[in-house]
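Colleague: I would like to learn how to read ring pairs and nonpolar cores in a model. Please take me through them.

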Amino acid sequence: MKNLPTIVVLAAGAGSRFQSLAATAAADPMLSTHKLDQALGERSVIGVTLRNALATMLPVTVVTTRRLAPLISQIVASRDVIVLPEVGTAGDVPLGMGYSIATGVTARPDAAGWLVLPGDMPMVRPETIRAVGAALMDHPVVYAQYRGRRGHPVGFSPELYSDLAGLAGDEGARRVVARYPSFGVEVDDPGVLVDIDTPADLEAARRGAAASASIPLP
């Protein structure tokens, strides 16, 4: 597996905006649970994201919290699941997206790069992920784009290990992306722009998934 990039799925966020909007709208009580645990077709949001990641046949590492670990461990081998404390419960530990990326990368230091995929992006297709991974052969930073708009996953080549390992807090990898030449892989996949951040996003994703399921296979 050393000659393949690893997909780092980020699933350690609190999803507080989703829960806050759900509560404000007095929506379905089930929306009070974590957004990644919401139903999307026959699976959960994180279940669909992981299904697409695993379908690439690339190594997958998931960074999550104890709350979601049991669900994720039903889909991904426990050795590939890294459990962090919930945001706001670890004292001085600088938790957040940056910390999650650093944790996933340092857990797989020998990978041929890392493809960072947020767990709330279930519409990203497996072939899109593989296309970004392939472009890491020639570029230090690669991202998927749809009609010129930058999306996910974002890939980082092995030489950026030290930069990624030093990330902390919730800033993510923006500074790393800004520091090195980036290459956009144009894909016919609008899912690279779709994250589940609100209940409205979830309903739109459910409609999109239902429409895709209704299209007969050739």
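Modeller: The dialogue below goes from aromatic rings to nonpolar cores. This is a predicted model, in which local features need pLDDT of at least 70 and side-chain atom pairs count only at pLDDT 80 or more, while totals for chains, interfaces and linings use all residues. Residues are numbered from 1 along each chain as its sequence is written, and side-chain values use heavy atoms, with hydrogens and water left out.

Colleague: How many aromatic pairs does the structure hold?

Modeller: A pair of aromatic rings is described by the distance of the centres and the angle of the planes. Rings of Phe, Tyr and Trp (its six-membered ring) pair if their centres lie within 6.5 Å; planes under 30 degrees apart are stacked, over 60 edge-to-face, the rest tilted. The structure holds one such pair. W114 and Y161 are tilted, with 5.9 Å centre to centre and 40° between the planes.

Colleague: Where in the chain do W114 and Y161 lie?

Modeller: W114 is in strand β6 (residues 114-118) and Y161 in helix α6 (residues 161-165), 47 residues apart. Helices (H or I, at least four residues) and strands (E, at least two) are DSSP runs, numbered from the N terminus.

Colleague: Which residues have the most contacts inside the largest nonpolar core?

Modeller: Such a core joins buried Ala, Val, Leu, Ile, Met, Phe, Trp, Tyr and Cys residues through side-chain atoms within 4.5 Å; buried means under 20% relative accessible area, with a 1.4 Å probe and protein chains only. The largest has 35 residues, and I7, V9, I46, L50, V62, I72 and L115 have the most contacts inside it. Helix α2 gives the most to this core, five residues.

How values were computed: Buried means under 20% relative accessible area, exposed over 50%, partly exposed in between (1.4 Å probe, protein chains only).
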